[in-house]
Amino acid sequence: MFRSLGEILILFQQVVRALPLAVRHSGKILTQFYEIGNASLLMACVLSMFIGGVLALQTGPVLANQGLSGSIGGLVGLSMCKELAPVMMAMLTAGRIGSAMAAEIGSMKVYQEIDALITMNINPVHYLVLPRMIAITLALPMLVVFAILAGWFGGALVSVGSSEIGISFAVYFNNLRELVDSGDVLNGIIKGAVFGIIIGTVSCHQGLKTTGGPRGIGHAVTRAVVNSLALILILDYFLTRILLFWD
Amino acid sequence: MNTAAQFTPLSGDTNTSLPGVRIQVENLKKSLGGMEILRGLSFEVEAGEIFVIMGPSGSGKSVLLRHLIGLESPDHGRILVNGHSIESPEVRSQYRMAMVFQSGALLNSLTVQENVGIYLKEHRLQTPNEIQKTVDEKLKLVGLTDIGHRYPSELSGGMRKRVAIARSLVIEPQLILYDEPTSELDPQSSGTIGKEILSLKHRIEVTSIVVSHDPELAIGIADRIAVINEGQIIFIGTTSEFKQTKDPMIHRLLYSDFKP
């Protein structure tokens, strides 16, 4: 485990050192960015709307019983910004995009395409990892923004439509505006960017160390998703503490 | 059946490349997964020579080739390119080397044209128009035209190998390594690949090291042949010496005794 962590850190360091070359790979970054957005945006919005809705459904009646139904907008708003949107989008991206990255790079490793790049003096980290890392680090925070908006909207729909809560859109969004500020949204965006770096590094690392045939690719994909999720959930705690301190 | 006569050089463009390099392998040893794969191999390949390495499956031929291009580091011994260690960083920048992999190892997400031009594009050696021209020229050299827009998955095994050769030619190499260039190919495609290997020697004086277990191909193209068994060289000599050898072990290793 420590060896893998060390390798992941070394890979991340190589990508950071290669950042000045990003302009040269802008075409590949845009392609990756489009693929990530295209694969995830609709699902991110639909999932987040339901997450916001469920949150309102679970907490709304309890708050209404206490005479606090007017506070539900702020509760959904803050929960989506600070925790649910970044973590859920990271999970979705690890499953959809991280697995695809590990599979693609893994199959290139197994079928000697990466060896072919090396023999042509083309650095696989620059050619394959750098564009993916930059794309996912930029795309995930954007998905988080869409997820926050969709989650707020889902919460509003349930709050207005549910007879147990029964508040208006105006009450919901006024409370949301009162309690949620741009710093809270930024909180979610920062988490999204950090989770993007984790998913990109872990998935590319697993792809690059793939051995064997199709079975090896399958193992790499599984490890990429499981390790990404584990690291996201562990780091989420520490990141939350840092961001709370910063607040 | 491939014969020596089939491997006459193809006509082609004149040489603008640097001359081939001399390779020295000294006491090369390598173990993988606790198994000793290479057991002290030593040999030399002269500049511009076609050197064929033969041997049964699992004898260490492909592992040797990966050492020669710098994809593996030896446990012991060294490889010299024109007297410089392959592990020194200057060798890669000083000498141009290419490898044609057994599977072709074309990038499946790129078209044939992008695959052949990837070296020039990534190292920014030519403008897009110049790359296009070079790619067309190299594909024509290996007898392929009008396939630039296709993806590797749309090509036959023989075509993929010829595209891989075209990709290696773009580098204008001084050393080309071929890993089983005729495996999985029909006799006609094998003949074409053999002709191309031979024509490159005459056209650009490249040093070629070919790993194969096809004796017909070896006799057809080689200046010298080495036979490896269990990580050791058991024969090294010219093509005529190889044809004349009566060593029963070599015959047993390279030729099938299956008689229908």
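Predicted model: local features only at pLDDT ≥ 70, side-chain atom pairs only at ≥ 80, totals over all residues.
Helix α3(B) contributes the most to the lining of the largest pocket, giving six residues.

**The largest pocket**
- The largest pocket holds about 720 Å³ of space, and among the 27 residues that line it, those closest to its centre are A:K28, A:Y127, B:L110, B:K121 and B:E122.
- Two or more lining residues come from each of α2 (26–65), α3 (72–110) and α5 (124–161) in chain A, and likewise from α3 (112–122) and α4 (128–141) in chain B.

- About 620 Å³ of space lies in the second largest pocket, whose lining of 23 residues has A:K109, A:I114, A:D115, A:I118 and A:L208 nearest its centre.
- The elements of chain A that each supply two or more residues to this lining are α1 (2–17), α3, α4 (113–119), α5 and α7 (182–208).
- The lining of the second largest pocket is made up of nine nonpolar, eight polar and six charged residues.

**The residue B:H67**
- B:H67 belongs to helix α1 of chain B, which spans residues 61–68, and B:H67 counts as buried because its relative accessibility is 1%, where buried means under 20%.
- A polar atom of the B:H67 side chain lies 2.8 Å from the backbone oxygen of B:V63.
- Leaving aside residues up to four places away in sequence, B:H67 touches B:L28, B:K30, B:L38, B:E72, B:S73, B:P74, B:I79 and B:I86.

Key
Residues numbered from 1 in each chain as written. Chains lettered and ligands numbered in written order. Heavy atoms only, no water. 1 Å grid on protein atoms, 1.4 Å probe; cavity = no way out; pocket = protein on both sides within 12 Å on 5 of 7 lines; lining within 4 Å. Points joined across faces, edges and corners; volume = space filled by probe spheres on them. Helix = DSSP H or I, 4+ residues; strand = E, 2+ residues; numbered from the N terminus. Nonpolar A, V, L, I, M, F, W, Y, C, P; charged D, E, K, R; others polar. Buried < 20%, exposed > 50% of the residue type's maximum accessible area, 1.4 Å probe, protein only. Polar contact = N/O pair within 3.5 Å; in protein donor to acceptor, adjacent residues only side chain to side chain. Contact = heavy atoms within 4.5 Å.
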